[in-house]
Amino acid sequence: MKGNSDQFRESIDTTTAVSAIDSILDFATKERASDIHIDPRADDIIIRLRVDGQIGEVGTLPRRLHEEMIARLKILSGARTDLHAVPQDGRWRTEVSGDSYNVRISFMPTYYGENAVMRILPVHTNRDISFAKLGFTPDHVRAIAAALRCNHGLILVTGPTGSGKTTTLHACLAEKAREPLSIITLEDPVEYEITGVRQVHIRHTHGVTFASGLRAALRQDPDVIMVGEIRDAETASVAIHTALTGHLVLSTLHTNSALETIPRLIDMGIDHYLLASTLKLVVAQRLIRTICRECFGEGCDGCRLSGYISRSVIAETCEIDPGLRDLIASKQPLSVCTDYALSQGFHPISEDGSEKVDWGITTREEVMRVLNT
């Protein structure tokens with residue numbers, strides 16, 4: 001990332017820790033940053049921003065501000081100011097240039113003192129999140145809509161960290177929230193607020209896990225439950241049995257492709273028959289940078305000379321039809337399931353990437369970078 005150091009120096013007010021934090025947040029939102037890194041060194045503080053998935057240094061601050069900045073951020077986020085040797089997390093809502101943002105922060109002790117990483121999340125409404133805006137093709141939208149019409153079963157969104165899985169789940173919830181349904185989410189943390197949905201922040205320090213939270217949610221008379229992530233065998237088992245008993249369950253899983261979800265869940269102890277009976281759809285996705293429309297990839301001030309601005313989804317959707325369901329139940333290997341899916345019109349994520357290159361949305365180098373990392 002090519003940061004504008006001169007602009008950063010001109011924009012940041014280092015008079016006090018409070019003014020420094022306020023001006024950093026203002027600068028970061030104008031740069032469309034998703035994350036702010038405040039990293040102390042021996043003689044100064046490095047400020048780095050992540051924009052469109054790429055991180056880079058934009059400037060430094062005087063070392064004298066470090067302790068006061070950390071204390072200020074802890075007060076804002078509700079973290080303990082008297083703890084310095086253990087990691088902490090916090091969050092708060094703020095207004096920057098008239099727009100509302102949720103800020104999630106993590107503190108970590110390092111050799112030169114505590115660093116802080118902030119995730120900046122614009123406050124969205126249900127209308128702000130749609131599959132088309134995220135970059136899903138009409139075929140993807142059709143497959144997702146068909147799965148969402150089911151009143152029970154399991155819908156999974158897969159991909160690595162930072163691939164937009166949570167945003168896609170919230171787009172699904174925004175669709176379901178239009179119906180007269182009881183919807184509850186279990187999230188770590190809550191990132192988007194959805195009107196009409198009961199959203200629960202998982203608190204591991206209080207013994208509330210995804211698995212225990214899911215069991216408790218079942219006593220809340222839900223029609224739809226969203227579990228932020230299936231991280232372990234216990235959560236997978238509870239989610240599968242919840243889907244089996246007449247609930248629509250949405251969650252995420254870390255796999256590289258849609259079809260790899262099948263052996264992944266089986267490795268987590270899920271019975272083949274139960275998986276075949278409950279799984280409705282798997283969406284695998286990545287986020288790619290899109291070509292700047294001002295300079296068409298040549299580099300300009302608007303895209304900070306990168307040639308890219310904003311991001312879009314590339315994806316693959318695997319619908320669990322009767323044929324694939326039979327293959328799963330009969331314990332067929334992944335290669336057989338893959339051959340069958342391809343014969344039924346399944347399109348790998350690489351094809352979606354190639355189409356977006358052909359449409360001039362992104363570049364082949366960007367697609368290769370994302371799919372090979």
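Predicted model: local features only at pLDDT ≥ 70, side-chain atom pairs only at ≥ 80, totals over all residues.
Trainee: Is α6 mostly covered or mostly open?

Mentor: Mostly covered: 10 of the 12 residues in α6 are buried. Among them are Leu 169, His 170, Ala 171, Cys 172 and Leu 173. Lys 165 and Lys 176 are on the buried list too.

Trainee: Now pockets. Which residues lie nearest the centre of the second largest pocket?

Mentor: Look for Arg 142, Thr 317, Gly 345, Phe 346 and His 347. The whole lining has 22 residues, and the volume of this pocket is about 450 Å³.

Trainee: Which helices and strands each supply at least two residues of that lining?

Mentor: Those are α5 (138–148), β13 (308–319), α12 (334–343) and α13 (349–358). The most comes from α5, with 5 residues.

Trainee: And how do the residues of the lining divide by type?

Mentor: You'll find 9 nonpolar, 6 polar and 7 charged residues in the lining of the second largest pocket.

Trainee: On to cysteines. How many disulfides does a search of the whole structure find?

Mentor: A disulfide is a covalent bond between the sulfur atoms of two cysteines. Here, the search of the whole structure finds 0 of them. Take Cys 292: the nearest cysteine sulfur belongs to Cys 295 and is 3.7 Å away, and Cys 292 is in no disulfide.

Trainee: Are Cys 292 and Cys 303 buried or exposed?

Mentor: Buried means under 20% relative accessible area. Cys 292 has 2% relative accessibility, so it counts as buried. Cys 303 has 0%, so it counts as buried as well.

Trainee: Last topic, salt bridges. How many does the count come to?

Mentor: The count comes to 18 salt bridges. In one of these, the side chains of Arg 80 and Asp 82 meet, 2.9 Å from N to O. Arg 80 counts as partly exposed, because its relative accessibility is 47%.

Trainee: Which residue does Glu 366 pair with at 2.9 Å?

Mentor: Its partner there is Arg 289, with the closest N and O atoms 2.9 Å apart. That pair links distant parts of the chain: Glu 366 sits in helix α14 (residues 364–371) and Arg 289 in strand β12 (residues 279–291), 77 residues apart. Both Glu 366 and Arg 289 are buried.

Trainee: What about Arg 369 and Glu 366?

Mentor: Their side chains meet in a salt bridge as well, 2.8 Å from N to O. Arg 369 and Glu 366 are 3 residues apart in helix α14, so about one helical turn separates them. Arg 369 counts as partly exposed because its relative accessibility is 30%, while Glu 366, at 1%, counts as buried.

Note on methods:
Residues numbered from 1 in each chain as written. Heavy atoms only, no water. Buried < 20%, exposed > 50% of the residue type's maximum accessible area, 1.4 Å probe, protein only. Helix = DSSP H or I, 4+ residues; strand = E, 2+ residues; numbered from the N terminus. 1 Å grid on protein atoms, 1.4 Å probe; cavity = no way out; pocket = protein on both sides within 12 Å on 5 of 7 lines; lining within 4 Å. Points joined across faces, edges and corners; volume = space filled by probe spheres on them. Nonpolar A, V, L, I, M, F, W, Y, C, P; charged D, E, K, R; others polar. Disulfide = S-S within 2.5 Å. Salt bridge = Lys/Arg side-chain N within 4 Å of Asp/Glu carboxyl O.
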